[in-house]
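The sequence and structure come first, and the description follows.

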Amino acid sequence: MPDAGAETGPARNDAAIIGAAGMCADVAEPGSTGVAAVRLGDCNGSDRQRWEIDQRQGEVRALGKCLGVAGGSSGDGTAVQLLDCDGTDARRWRFANGQLINTGSGKCLDAHEGGRDGVALQIWKCAAVQTQSWTLPVPKTAQADSKKGVSTWPFPRAADGMRAIGASWYHDWSSDNRDIPAEAEFVATIWGPGSVTATELEAAKKSSKTLLGFHEPDRRDQAHLTVDRALKLWPRLERTGLRLGSPAVSAGADVSDGWLDRFLKGARNKKLRVDFIALHWFGSDFSDAAAGQLMAYVERVHERYDMPIWITQFGLTNFKGEPRYPDAKQLATFLSKTTEQLNATPYVERYAYSSLPATAAAKSEAYGLYREDGTATEAGVAYRDAGRPQPAAAGLVPPGSGGSNLAQVPSQGPSQGPSQPGPGNPPPAVDQPKPGDQPKPGDQPKPGDQPKPSGEAALEDRMIELINVERGKANCRPVIKNDALTVAARAHSQLMAGRKKLEHQLSGEQGLGERFTAAGYTWSAIAENIAPGAFPTPEIAMYGKHDAYTAFTGFMESPGHRQNILNCDYREVGVGVVRDSDGGPWWTQDFGTPR
């Protein structure tokens, strides 16, 4: 029973798809053919209204099946049904501007007959109408610790090396992992045309859930394929049923009419399936600018194709003449900066440094991560530390934003459209709980509740001073301390400290915009930065600490957090500092522009 005085209410369904008139997408009972229609229904929290959004696959799932278009049609008024997940574009979706857009037809999910109980869902040409406006549950996204991988060849300590550096996946340019068994997830590769055989394809199906396409087909000394031949062979890779990565060109993936551009245009014309872009990148500039050069390339490719990205090989090597490599410090710095940015980029699903072994036999001591004697190189230590303690990804809703960054496939982050977010349609923060998480009674602070004074007002005020010092350097006006934002920030820090968990929305807690509104702040744009109890002072939380014993990345060293702090459009701020049971201060910076 609830504790005395606890208020109870209807069960919250944080996995609902909510449409016109606040009605929920509901799976009907299967008909005589065994296929279930999807319709609007009164929201009731049942399993038939619980949906999971998988950004990587582009799938919208319920009851173990996928939302799909009947018969793969593209005609207006075609019914939407719950179908077996087969990876076809008729059963894949992307989310943009509040609309669910079917990949195969390019048309939008529509409750065309209005917001009433029992209205069948269909696809129609996308338009700015209420019947095509949807609020989705929190998407299933790639987390930082699941992104990091390596490429490797066989060497005695391969499995140990992967474990030591924290690689969650690996590839070795082959179709199976018999020569390099390891705990990490293996990803198969069909290297070139000679690998497109029944034996190789079957091996890939047995050893992997994902298949990487041809290896550098634009180079004569690698797979060396024309675009036409690659397109002719591609259906055989498709028939494995595995998730498919594009051919990985050696360079020029961002170039109009380059090899990859022509391949993807051909694939679209032939209705061939490509699930993500595989990229290779090697930089010859060993300066501090190298990480930015990689990220600029990745961004250009994403802007051109609007697809998820896997970076399956990257590193620093100057290939002019005899190959030259960076020194240990240069490589470690590059890996630290690069992995931080890759982890924070939502459309980058995975990345793999090239390569794991640091062996004399392969002449890879200069750039490898792990030695045969069982020790990590300096670069290996930097790569191992990718994803270790640092502030959480910044929750960001900038002025002029279209609002939601939920379930976009691939995820774009906040859009820069003309519409303004508002309290009636609060955008959620990133780092959301998984679909299906249920609130625990008593977890949610009641609207307007002021947490007990933290006793850390001096730390909060000092943090605001530091924020305004940095804003002054950027010629931004200072932000003014706001009482309502302080209430929201302290309440969130209190929950994080109590659970010792760094998230923008903890289980049972309202979303970012709802929290600000509940605290009494009427807003037009908001953002949030958070950091865990490992950061003992405002200075370390802002600027980080890097010595022989610690490697903490501060707000000003992280692109997303820095962007929030230096956004000149924000007018007000609230900072909350609450200590956990071990005495560590948990930090929340809440920025806002009043409406």
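## Second largest cavity

In this predicted model, 13 residues line the second largest cavity, and those nearest its centre are Thr 189, Leu 212, His 215, His 280 and Thr 312. Two elements each give two or more residues to this lining: strand 18 (277–283) and strand 19 (309–316).

The lining of the second largest cavity is made up of eight polar and five nonpolar residues, with no charged ones. The space in this cavity comes to about 80 Å³. In total, the structure has four cavities of 30 Å³ or more.

## Nonpolar cores

The largest nonpolar core has 70 residues, and the members that touch the most others are Phe 214, Phe 314, Phe 334 and Leu 335. Helix 6 (residues 290–305) is the element that gives the most to this core, with eight residues. Another core lies apart from it and has 24 residues, including Leu 40, Ala 62, Val 80 and Leu 136.

Which residues is Phe 214 in contact with, leaving aside its neighbours within four places in sequence? Among them are Ile 190, Trp 191, Gly 192 and Val 196, as well as Ala 223, Leu 225, Trp 234 and Pro 247.

## Ser 507

Ser 507 sits in the loop between helix 10 (483–499) and helix 11 (512–518). Is this residue, Ser 507, buried or exposed? Ser 507 counts as buried because its relative accessibility is 18%, and buried means under 20%.

Between Ser 507 and Leu 495 there are 10.0 Å in space, C-alpha to C-alpha, and the two are 12 residues apart in sequence.

Terms used: Residues are numbered from 1 along each chain as its sequence is written. This is a predicted model: local features need pLDDT of at least 70, side-chain atom pairs count only at pLDDT 80 or more; totals for chains, interfaces and linings use all residues. Side-chain values use heavy atoms; hydrogens and water are left out. On a 1 Å grid over the protein atoms alone, a cavity is a set of points where a 1.4 Å probe fits but cannot get out, and a pocket is an open set with protein on both sides within 12 Å along at least five of seven lines; lining residues have an atom within 4 Å of a point. Grid points are joined across faces, edges and corners, and a volume is the space filled by probe spheres set on the points. Helices (H or I, at least four residues) and strands (E, at least two) are DSSP runs, numbered from the N terminus. Ala, Val, Leu, Ile, Met, Phe, Trp, Tyr, Cys and Pro count as nonpolar, Asp, Glu, Lys and Arg as charged, and the others, Gly among them, as polar. Buried means under 20% relative accessible area, exposed over 50%, partly exposed in between (1.4 Å probe, protein chains only). A nonpolar core is a set of buried Ala, Val, Leu, Ile, Met, Phe, Trp, Tyr and Cys residues joined through side-chain atoms within 4.5 Å. Contact means heavy atoms within 4.5 Å.
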